[in-house]
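Hi,

Here's the structure I promised to pass on. Have a look at it first, then read my notes on its charged residues below.

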Amino acid sequence: MTALALEPAHVRRLQARLLSWYAKAKRDLPWRRTRDPYAVWISETMLQQTRATTVIPFYERFLAALPTVGALAEAPQQQVLGLWSGLGYYRRARMLHAAAKHVVTAHGSRLPEAVEELRGLQGVGAYTAGAIASIAFGRRAAVVDGNVARVLARLYSIEDDVRAARGNAGMWALAQRLVDRLRGESGDWNQALMELGATVCLPREPRCDECPVRGQCSGRASGIAKQLPRMSRKGRPLTVERVAVVLASPARVLLARRRVDLLFGGLWEPPSTDGEIGALAARLQVDLRGLDHVGDVVHVLSHRRMEVKVMRGALVRKGPSLLPGPDYDAVARVDLAHLGERPQASLTRKILEVANVCPRGLRSGAK
Ligand code: SF4
């Protein structure tokens, strides 16, 4: 992307209109009622790849349980993962936890204000650092996420591929130049761009007639807005086939905890394998003939598609106590009444659902 000529009067009008629209039209979201850097950090981490409406209950529960960076740093990892259960992208929670410990020891429990220092924290990339610096500390820092990239590409008719390194760098440079010209709050400006992308400048059908900056939009004027931003196709997600073995009695189910360095690390699930079901059955001390195929679950992550065959068998009184395989570091017979206390991915909930296992016990009709 070549450096765009930003005409001062145009930028002034654009910023004034968008900021005044944002002041009136912004959605009332809980993280917009605070400038507490910790709360902004939690919300921005949760909002990565997740919709605001999905995040709200998780954010409120998390802040109620762990209201300060110190409380987060001291919390056991199982509590942090439990509060994150169902939100996905669990690596974010583990890195947030590690970063909180670092903030306590290296920064006296206060989040640093500068983008460069924020980027030194685990899990804090350019977007999150810019969001915290601008929203919580009023620093002149830009943010570029999917919404901002779409809005800017359309406003300035930018045809570069925003997923390619050059296009992405150009987008950040443009966002920073706009922040540098700003007369108002940089946090409000960044959020106004994101809000416009989330509610008006929608990916397939931009609502240009309702847009406060339609008069400043080059993409609309030239009729190419809908084709922007240009993005190279993502590769197809890798398909992973697994078999999960749900061993349950009327009151308990066998769950194993995944090693922390793996996908879904630290979360509990019915033992599963992408290898030989016979080897898993042997470690679980069950006869393959005693397992019924009760259904299949498909779970799509950003980078892979999981296809899980669900087998169910009886959990007998004594065993098994062996770890079900090298992916696990703990195993437990979990009382169904306390199932919710073990952090789980939503994939696990789907598997248990298919196996008719729920916190109130095996459903009627379950073997
Ligand atoms: Fe997006 Fe349309 Fe507004 Fe341009 S006029 S910023 S394309 S909603």
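The patch itself is made up of Arg12, Arg13, Arg17, Arg183, Arg214 and Arg220. Arginine 13 sits in helix 1, and it counts as partly exposed because its relative accessibility is 41%. Keep in mind that this is a predicted model.

Now for the salt bridges: the structure holds 14 of them. One is between aspartate 329 and arginine 257, whose closest N and O atoms are 2.9 Å apart. Aspartate 329 is in strand 7 (residues 328-335) and arginine 257 is in strand 2 (residues 252-258), so this pair ties together parts that are 72 residues apart in sequence. Both ends are partly exposed: aspartate 329 has 37% relative accessibility, and arginine 257 has 23%.

Strand 2 turns up again in the next pair. Glutamate 269 makes a salt bridge with arginine 258, with 3.2 Å between the closest N and O atoms. This one links distant parts of the chain, with glutamate 269 in strand 3 (residues 268-269) and arginine 258 in strand 2, 11 residues apart. So are these two buried or exposed? Glutamate 269 is buried, and arginine 258 is too.

Another bridge joins arginine 305 to glutamate 307, and here the closest N and O atoms are 2.8 Å apart. Arginine 305 is partly exposed at 31% relative accessible area, and glutamate 307 is partly exposed at 26%.

Last one: Arg27, Arg32 and Glu195 are linked in a network of salt bridges.

Cheers

Notes: Residues numbered from 1 in each chain as written. Predicted model: local features only at pLDDT ≥ 70, side-chain atom pairs only at ≥ 80, totals over all residues. Heavy atoms only, no water. Patch = residues over 30% accessible without salt bridge, like charges linked within 9 Å, V, L, I, M, F, W, Y side chains within 5 Å. Areas by Shrake-Rupley, 256 points an atom, 1.4 Å probe, with all protein chains shown as cover. Salt bridge = Lys/Arg side-chain N within 4 Å of Asp/Glu carboxyl O. Lys, Arg positive; Asp, Glu negative; His and termini not counted. Charge placed at Lys NZ, Arg CZ, Asp CG, Glu CD. Helix = DSSP H or I, 4+ residues; strand = E, 2+ residues; numbered from the N terminus. Buried < 20%, exposed > 50% of the residue type's maximum accessible area, 1.4 Å probe, protein only.
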